[in-house]
Amino acid sequence: MGELIKIVDSLENKISKLLHKLEVLNNANIELEKELTNIKSSQENTSKTVSEWEEKYNSLKLANSMLGSNTNKTEAKLKINTLIRELDHCIAQLSE
């Protein structure tokens, strides 16, 4: 009978340890999810910043080509033609 009590106590002890480990792992999981959310948010902000800088760079490149830079004249002409086509399309839609 005493041996059975020892086995039951041992099982209770092991179950208690397992429940504690489960709680610790759940807390760690919650912290990791928070960290992942923060990292995703940071990555989105970085992507937006990169996009903004790329847009600014392209605008500066276009402005330089319009100011007489020989390296990007064809690119500037293509951009101007695209803008003209977009304006023509808008005007056509407004006149309908």
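Threonine 46 is located in helix α1 of this predicted model. Its relative accessibility is 45%, and threonine 46 therefore counts as partly exposed, a class that lies between the buried limit of under 20% and the exposed limit of over 50%. From threonine 46 to glutamate 31, 15 residues away along the chain, the separation of the C-alpha atoms is 22 Å.

Valine 24 also belongs to helix α1. With a relative accessible area of 43%, valine 24 is likewise partly exposed. Between valine 24 and lysine 48 there are 24 residues in sequence and 36 Å in space, taken from C-alpha to C-alpha.

Helix α1 itself covers residues 2-66.

The aromatic side chains may be considered next. Under the pairing rule applied here, 0 aromatic pairs are counted. A contact of another kind does involve a ring: lysine 56 lies over the face of tryptophan 53, at 4.7 Å from the ring centre.

How do α1 and α2 meet? Two packed helices are described by the angle between their axes and the distance between the axes. Here the axes come within 8 Å and cross at roughly 105°. The two helices are therefore roughly perpendicular to each other, because an angle of 65 to 115 degrees falls in that class. On the α1 side, the contact is formed by Lys61, Leu62, Ser65 and Met66. On the α2 side, the residues concerned are Lys73, Glu75, Ala76, Lys79 and Ile80.

The C-alpha atom of glutamate 86 is separated by 67 Å from that of leucine 18, with the two residues 68 apart along the chain.

How values were computed
Residues numbered from 1 in each chain as written. Predicted model: local features only at pLDDT ≥ 70, side-chain atom pairs only at ≥ 80, totals over all residues. Heavy atoms only, no water. Phe/Tyr/Trp six-rings, centres within 6.5 Å; stacked < 30°, edge-to-face > 60°. Lys NZ or Arg CZ within 6 Å of the ring centre and 35° of its normal. Axes fitted to C-alpha atoms, helices over the stretch in contact; angles between N-to-C directions. Helix = DSSP H or I, 4+ residues; strand = E, 2+ residues; numbered from the N terminus. Parallel < 35°, antiparallel > 145°, perpendicular 65-115°, else oblique. Contact = heavy atoms within 4.5 Å. Buried < 20%, exposed > 50% of the residue type's maximum accessible area, 1.4 Å probe, protein only.
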